[in-house]
Amino acid sequence: MASFAVPRVLCKSLGLRAAFTPMAPTVRAANHTMSAWNGLETLLVTQPRPHVLHVEMNRPEKLNAMNKAFWREMVTCFDKIADDQDCRAVVLSGAGKLFTAGLDLQDMAGDLLNMEGEDTARKSWHFRQFIKQCQNTFSVLEKCLKPVIAAVHGACIGGGIDMITACDIRLCTTDAWFQVKEVDIGLAADVGTLQRLPRVIGNRSLVCELAYTGRKLMSDEAHYCGLISRIFQDKDSMMDGAFELASEIASKSPVAVQGTKHNLLYSRDHTIQDSLEYMAAWNMSMLQTDDIVKSAGAVMQKKSSKEVVFSKL
């Protein structure tokens with residue numbers, strides 16, 4: 001399972017010196033809590049910009065540790081977002097002083113230590129189902145064709161790595177740090193880190209070092225190796241940048257953006273030739289969208305894509 005944070009580690013100062021990638025300042029729009037999401041205990045869903053949803057891990061008093069409710073609610077939340085025709089981009093962040101401390105071991109210990117089953121085979125069978133359900137908690141981020149932007153501040157530990165590597169774009173603050181913590185509690189990460197992190201950063205040597213030692217990866221090194229695409233001075237500027245980026249994505253044709261995400265994921269898992277064949281089959285229908293006419297017209301008239309009204313998908 002995903003890792004948890006050791007309290008004494010989390011009590012250390014998170015102030016770190018790192019590179020800063022500036023971005024044009026923006027005015028943050030007011031968040032509007034959406035009534036359709038009021039039943040969630042661990043997540044807060046708001047709409048900061050048109051066609052943009054903000055999903056915030058909302059257990060700041062517990063350092064956004066991932067309890068049983070969280071593992072269920074992430075699936076419910078992103079399945080609903082996947083079907084939301086008005087949403088075109090998502091920002092994922094954590095409330096409080098850090099992004100996430102990883103697994104809430106205190107809440108999850110009962111399930112982990114007392115798996116049902118009369119013998120080893122039956123316990124193993126139920127353990128496998130339990131792990132697969134947890135894996136789906138983050139796989140839904142990929143299955144949802146709306147681009148997901150992870151905005152990380154402070155610590156991102158254990159399950160946090162599983163989560164952000166399933167996102168499309170990752171931003172962080174200068175004080176952010178990342179840790180594949182599972183090896184320190186005697187297990188191999190099993191909900192996505194070992195499968196996605198090598199593909200994200202493309203450096204097997206570094207992945208092995210991080211996974212075998214559990215050492216911290218600071219924000220500047222995370223940016224250098226490609227885990228993070230932009231670094232911001234503080235959380236406020238990062239959230240402004242994340243919402244602006246999400247708004248830019250949301251201004252594009254949803255047919256184009258969601259089709260692009262789908263084919264990027266397909267290409268990651270298939271050969272170039274297979275992916276080209278699949279792309280040809282995909283676009284033989286998608287190229288017939290009215291969005292192309294609207295987008296081309298805007299380009300010829302030197303208009304921004306934000307001035308174009310695209311139909312819901």
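K261 sits in helix α10, residues 254-268. This is a predicted model, in which local features need pLDDT of at least 70, side-chain atom pairs count only at pLDDT 80 or more, and totals for chains, interfaces and linings use all residues. Residues are numbered from 1 along each chain as its sequence is written, and side-chain values use heavy atoms, with hydrogens and water left out. Helices (H or I, at least four residues) and strands (E, at least two) are DSSP runs, numbered from the N terminus.

**K261 and its surroundings**

- K261 has a relative accessible area of 5%, so it counts as buried (under 20% relative accessible area; exposed is over 50%, partly exposed in between; 1.4 Å probe, protein chains only).
- Beyond its neighbours within four places in sequence, K261 is in contact with L141, E142, C144, L145, K146, P147, V148 and D168. Contact means heavy atoms within 4.5 Å.
- K146 and K261 are 115 residues apart in sequence. Their C-alpha atoms are 7.8 Å apart in space.

**Helix α4**

- Helix α4 covers residues 120-143, which is 24 residues.
- From first C-alpha to last, α4 reaches 33 Å, close to the 34 Å expected at 1.5 Å a residue. The expected span is 1.5 Å times one less than the number of residues.
- At T137, α4 bends by about 40 degrees. The bend is the angle between axes fitted to the seven residues ending there and the seven starting there.
- T137 is also one of the buried residues of α4.

**The open sheet**

- Six strands form an open sheet with mixed pairing, in the order β1-β2-β3-β4-β6-β9. Two strands pair if DSSP finds at least two bridges between them.
- β1 (43-49) and β9 (230-232) stand at the edges with a single partner strand each, so one side of each has no neighbour in the sheet.
- On average, neighbouring strands of this sheet are turned by 25 degrees against each other, direction ignored. The axes are lines fitted to C-alpha atoms.
- Strands β3 (residues 89-94) and β4 (residues 148-152) run parallel and are joined by three bridges.
- V90 stands opposite V148 in β4. V148 is also among the contacts of K261.

**Whole protein**

- The protein has 12 helices and nine strands.
- Of its 313 residues, 47% are buried.
- Among contacts with a separation of 6 or more, 71% are between residues 24 or more positions apart.
- The protein exposes about 15,500 Å², and carbon and sulfur atoms supply 55% of it. Accessible areas come from the Shrake-Rupley method with a 1.4 Å probe; for residues, only the protein chains shown count as cover.

Notes. Axes are lines fitted to C-alpha atoms, for helices over the stretch in contact, and angles run from 0 to 180 degrees between N-to-C directions.
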